[in-house]
Amino acid sequence: AVEHGRIIFDNIRKFIIYLLSGNVSEVLVIFLAGLVGAPLPLLPLQILYINLIGDVFPALGLGLGKGFTAVMQRPPRDPREPVLTKRHWLAVVGYSVVIAAAVLGAFALAITKFGMSTKEAISISFITLVITRLWHVFNMRDRQSGLFINEVSVNPYIWIALAIGAILLLLAIYLPVLAMVLQITAPGVSGWMLILSASLVPLLVGQTAKFAARIRD
């Protein structure tokens, strides 16, 4: 009973951190672009579609996880401890900033270096944010767990969620009716390279931070 209680509590924390960091990053992308007078990197309907892909399915997968195998080796949690401690709030802020920076970086490079139109650059930022948030689910592993084998990577619901997200993303890009509604243009080879490079940055930063925290502990 204690083990299952700890797993449920951990899953709630992961669920909340994942959702907060993803949604705050969207706000930062819009806010920072507006602050410098740049074109908006995301359109309203695109944001709704991103939330469908990046919020619903991965978050549900995290909520159904079986938990970290060594969860019973941790000392008891203070019953007065909040669901999100200061460390967790710092993680939310850190993840949000890195995700927003990756998306805005891809958007800026699409316009300045690759000479894309505003519509094409918006498509780049949309796809980058979707893929970034799908990768981001792997940042929700316990920092004491393994890099490749952990409670997130062995969770079958996570892989189902990622498959659904990938399918919905491809439909948004290559299904003409949906692409027209969302105002998405298919990226070329260089666009995909930019997207994949930028989308991996938050994952690499997150895993590096967990590795550093594990050493420090």
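Leaving aside its neighbours within four places in sequence, which residues is W159 in contact with?

Reply: W159 is in contact with F138 and S153, once its neighbours within four places in sequence are left aside. Contact here means heavy atoms within 4.5 Å. A word on the basis first. This is a predicted model, in which local features need pLDDT of at least 70 and side-chain atom pairs count only at pLDDT 80 or more, while totals for chains, interfaces and linings use all residues. Residues are numbered from 1 along each chain as its sequence is written, and side-chain values use heavy atoms, with hydrogens and water left out.

W159 lies in helix 5. Helices are DSSP runs of H or I with at least four residues, strands are E runs of at least two, and both are numbered from the N terminus. W159 has a relative accessible area of 46%, so this residue is partly exposed. The scale is simple: buried is under 20% relative accessible area, exposed is over 50%, and partly exposed is in between, with a 1.4 Å probe and protein chains only. In sequence, F57 is 102 residues away from W159, yet their C-alpha atoms are separated by 9.9 Å.

Now the charged pairs. The whole structure holds five salt bridges. A salt bridge is a side-chain nitrogen of Lys or Arg within 4 Å of a carboxyl oxygen of Asp or Glu. One of them joins E151 and K14, N to O at 2.8 Å. E151 sits in the loop between helix 4 (118-136) and helix 5 (156-174), K14 in helix 1, so the pair links parts of the chain 137 residues apart. Both E151 and K14 are buried.

R13 pairs with E81, with the closest N and O atoms 2.4 Å apart. R13 belongs to helix 1 (residues 2-35) and E81 to the loop between helix 2 (44-63) and helix 3 (86-112), so this bridge ties together parts 68 residues apart in sequence. R13 counts as buried, at 10% relative accessibility. E81 is partly exposed, at 26%.

D55 and R133 form another bridge, their closest N and O atoms 2.0 Å apart. D55 is in helix 2 and R133 in helix 4, 78 residues apart, so distant parts of the chain are linked again. D55 and R133 are both buried. E26 joins in: E26, D55 and R133 are linked in a network of salt bridges.

Next, the helix packing. Two packed helices are described by the angle between their axes and the distance between the axes. The axes of helix 1 and helix 4 come within 11 Å and cross at roughly 160°. Axes are lines fitted to C-alpha atoms, for helices over the stretch in contact, with angles from 0 to 180 degrees between N-to-C directions. Helix 1 and helix 4 are therefore roughly antiparallel. The cut-offs are under 35 degrees for roughly parallel, over 145 for roughly antiparallel, 65 to 115 for roughly perpendicular, and oblique for the rest. On the helix 1 side, the residues that meet helix 4 include Y18, L19 and E26; on the helix 4 side they include L129, R133 and H136. By class, this contact has four nonpolar, five polar and two charged residues. Nonpolar covers Ala, Val, Leu, Ile, Met, Phe, Trp, Tyr, Cys and Pro, charged covers Asp, Glu, Lys and Arg, and polar covers the others, Gly among them.

Helix 1 also meets helix 3. Their axes come within 7 Å and cross at roughly 45°. Helix 1 and helix 3 are therefore oblique to each other. The contact is made by residues including R13, I17 and L20 of helix 1 and W89, Y95 and S96 of helix 3. Its residues divide into 15 nonpolar, four polar and one charged. Take S96, which lies in helix 3. S96 counts as buried at 1% relative accessibility. Beyond its neighbours within four places in sequence, S96 is in contact with L20, S21, V24, S25 and L28.

T132 is buried, with a relative accessible area of 1%. Residues up to four places away in sequence aside, T132 touches I99, A198, S199 and P202.

One backbone point remains. Most residues other than glycine have a negative phi. Q183 has a positive phi of about 60° although it is not a glycine. Q183 sits in the loop between helix 6 (176-182) and helix 7 (189-216). At 42% relative accessible area, Q183 is partly exposed.
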